[in-house]
Structures are given as C-alpha cells and as structure tokens.
Amino acid sequence: MHRRFTASELRGLRTARVKYGHDVTIIDLSSSGVLFETPVPMTPDSTIVLEFSGPNQTFIVPSRVVRCQSLGTFGNRRRSKGACVFKRPLPLRHLVAGTERVVTGEVLHGAGPAAGKARLWQPVVGKYRDGRLVRGYTSDFNPSKSSMQISPTPVEGQTQSVALSDLDALFFLPDPRRPARGEADVVATEGRSSQGRKVALVLPNGTELIGSTFDYKRNGNGFFVHPIDRDSGAVRVFVTPSGVRNIRFI
C-alpha cells in the first residue's frame with residue numbers, strides 16, 4: 001500500500017537507530033514500516049522506539065516488531081534482520097531527496113513547482129475471471145477499495161474503471177522508465193521474497209505461483225504474493241479470493 005524506498009534512495013537519511021540504543025542498517029523504508037539489519041535480536045510483537053535523523057530534523061517513531069530472523073555471525077558479530085510496522089506515519093519527504101515521486105499523497109522535496117499534480121503510475125496486468133487481460137497503468141490501487149482506474153499510458157486521460165471483484169489477480173510489473181536496479185534494489189527485493197510465509201498458489205487457469213506473503217487471510221479481500229522467481233515478470237501479485245484454486249504453505 002505504501003511505496004518502499006531502498007537505502008540508496010534515502011539521501012536525506014543520516015542515521016537510524018533504536019532510541020537510546022544501537023544503530024540499525026536500513027534495507028528499505030516506507031511511511032508505514034521498515035526492514036533493517038540489527039546486531040541485537042528482537043522479539044516479535046514487542047514494541048520498540050526507532051529514531052530516524054534527517055538533515056534538519058529527527059523523527060521518533062513507536063513501532064511494533066513484526067518479525068526477526070537471525071542472519072548468523074559475521075566477523076564475530078551477530079546480525080539479525082527485522083521488520084517493524086510504525087504506530088504512526090513517518091513523514092518520508094524529509095528523508096528522501098532529489099526524487100519526483102509521490103508518497104502517501106505528499107510531494108517529496110526536489111519535485112519542482114509542477115509536481116503537486118504528479119502521481120505514481122504503476123504498470124499492471126489484470127486477469128479477469130473469464131481469462132481476458134487488461135494492461136496499462138494505475139495510480140490509485142488500494143486493496144481496501146472496490147475498484148481502481150487503469151490507463152493505457154502513465155498519464156491522466158482515457159482511464160477505465162476495473163472492479164477488483166471481477167479479477168482473479170493483478171500483476172505489478174517492473175517500471176521500464178526506472179533506471180536499472182542497483183545492488184541495494186536487489187537486496188531489498190530478495191529481502192521481501194525471503195521473508196513472510198512461503199506459499200505455493202495455483203490460479204484458476206492452472207498457473208502455479210510460488211512466493212511469500214505477509215497478509216494472507218482466508219476470508220480477506222485479497223493478499224499480495226512476492227514471487228521467488230525473479231524472471232517471473234512480476235514484482236508482486238495481488239490475488240483476489242476468486243483467484244485461488246489451491247493454496248498451500250511450504
């Protein structure tokens with residue numbers, strides 16, 4: 001639901017640490033949560049306070065630990081990977097500089113005077129229940145909404161309304177307009193695909209999708225799957241209840 005920024009994109013971030021404690025190494029950060037490495041193991045469902053320092057301001061954010069995984073020992077130092085969800089939104093515009101992207105409705109610093117109307121367009125392919133496909137760009141997808149707008153180009157124009165209840169799955173594709181991924185992007189992507197619950201999902205057309213999910217609910221509106229196969233063509237897939245022919249956790 002919220003754009004994740006990799007460490008290389010957080011040009012305004014000076015330091016990140018547990019308040020009155022150790023520093024953490026950011027893998028990716030959004031306005032609602034963070035994935036990071038830490039020298040100290042944490043307990044899932046515990047509460048910690050994180051401190052993010054920008055060029056001119058420091059943000060104190062109470063957070064809940066979602067998960068923590070040991071990465072082993074490196075150079076006689078133990079390392080763990082942890083993920084937290086924030087109890088209040090983090091104002092990312094102070095930590096991300098030199099970009100024209102929009103995060104949770106806020107235009108980031110450096111976007112220029114015309115950026116107030118900018119929107120983040122994501123390339124997608126939607127699969128209808130009857131097998132038809134719809135391709136284009138969307139800027140208003142939200143799992144809690146009943147529909148979204150899809151445009152043939154990443155600009156305002158001739159959009160069509162697509163009801164999520166009519167889809168089996170929505171595939172989010174890599175954006176060809178973005179620069180080639182660097183090492184930090186690969187680390188962030190692998191971090192997402194290696195966390196969560198591993199799942200093998202069969203779509204109604206027989207296609208098997210293997211990946212990880214953080215938000216699967218048997219009676220929910222749908223859930224995201226991050227494919228393990230980096231050559232699958234999709235960065236992530238939102239699967240609706242009608243898109244599940246068979247599911248098993250592995």
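R64 is partly exposed, with a relative accessible area of 34% in this predicted model. Its side chain meets that of D45 in a salt bridge, with 3.2 Å from N to O. The two residues sit in distant parts of the chain, 19 residues apart: R64 belongs to strand 6, while D45 is in the loop between strand 4 and strand 5. D45 counts as exposed because its relative accessible area is 58%, and the cut-off for that class is over 50%. Take a look at the backbone here too: phi of D45 is near 75°, a positive value in a residue other than glycine.

Now back to the charged pairs. Side chains of opposite charge can pair when their charged atoms come close. The protein has a count of 9 salt bridges. One of them joins the side chains of R79 and E37, at 3.6 Å from N to O. R79 lies in strand 7 and E37 in strand 4, so this pair ties together parts that are 42 residues apart in sequence. R79 counts as buried, at 15% relative accessibility, whereas E37 is partly exposed, at 26%. Another salt bridge brings together the side chains of R132 and D130, at 2.8 Å from N to O. Here R132 is partly exposed, with a relative accessible area of 47%, and D130 is exposed, with 54%. R17, K19 and E51, for their part, are linked in a network of salt bridges.

Let us step back to the whole chain. The protein has 19 strands and 1 helix. Of its 250 residues, 41% are buried. Taking contacts between residues at least 6 apart in sequence, 51% join residues at least 24 apart.

Inside, the largest nonpolar core holds 23 residues, and I26, L29, L50, F52 and L90 touch the most other members. Several strands give two or more residues to this core, among them strand 3 (25–29), strand 5 (47–53) and strand 6 (58–74).

S30 counts as buried because its relative accessible area is 6%, and the class takes residues under 20%. The side chain of S30 reaches the backbone nitrogen of S32 at 3.1 Å. Leaving out residues up to four places away in sequence, S30 touches H2, R3, R4, F86, L90 and L92.

Finally, the surface. The protein exposes about 13400 Å², of which carbon and sulfur atoms supply 49%. I210, I228 and I250 form a nonpolar patch there, with about 260 Å² of accessible area together. I210 has its place in strand 16 (residues 208–213), and I210 counts as partly exposed, at 36% relative accessibility.

Terms used. Residues are numbered from 1 along each chain as its sequence is written. This is a predicted model: local features need pLDDT of at least 70, side-chain atom pairs count only at pLDDT 80 or more; totals for chains, interfaces and linings use all residues. Side-chain values use heavy atoms; hydrogens and water are left out. A nonpolar core is a set of buried Ala, Val, Leu, Ile, Met, Phe, Trp, Tyr and Cys residues joined through side-chain atoms within 4.5 Å. Buried means under 20% relative accessible area, exposed over 50%, partly exposed in between (1.4 Å probe, protein chains only). Helices (H or I, at least four residues) and strands (E, at least two) are DSSP runs, numbered from the N terminus. A polar contact is a pair of N or O atoms within 3.5 Å; within protein, one must be able to donate a hydrogen and the other to accept it, and residues adjacent in sequence count only if both atoms are side-chain atoms. Contact means heavy atoms within 4.5 Å. Patches are made of residues with over 30% relative accessible area and no salt bridge: like charges are joined within 9 Å, nonpolar side chains (Val, Leu, Ile, Met, Phe, Trp, Tyr) within 5 Å. Accessible areas come from the Shrake-Rupley method with a 1.4 Å probe; for residues, only the protein chains shown count as cover. A salt bridge is a side-chain nitrogen of Lys or Arg within 4 Å of a carboxyl oxygen of Asp or Glu.
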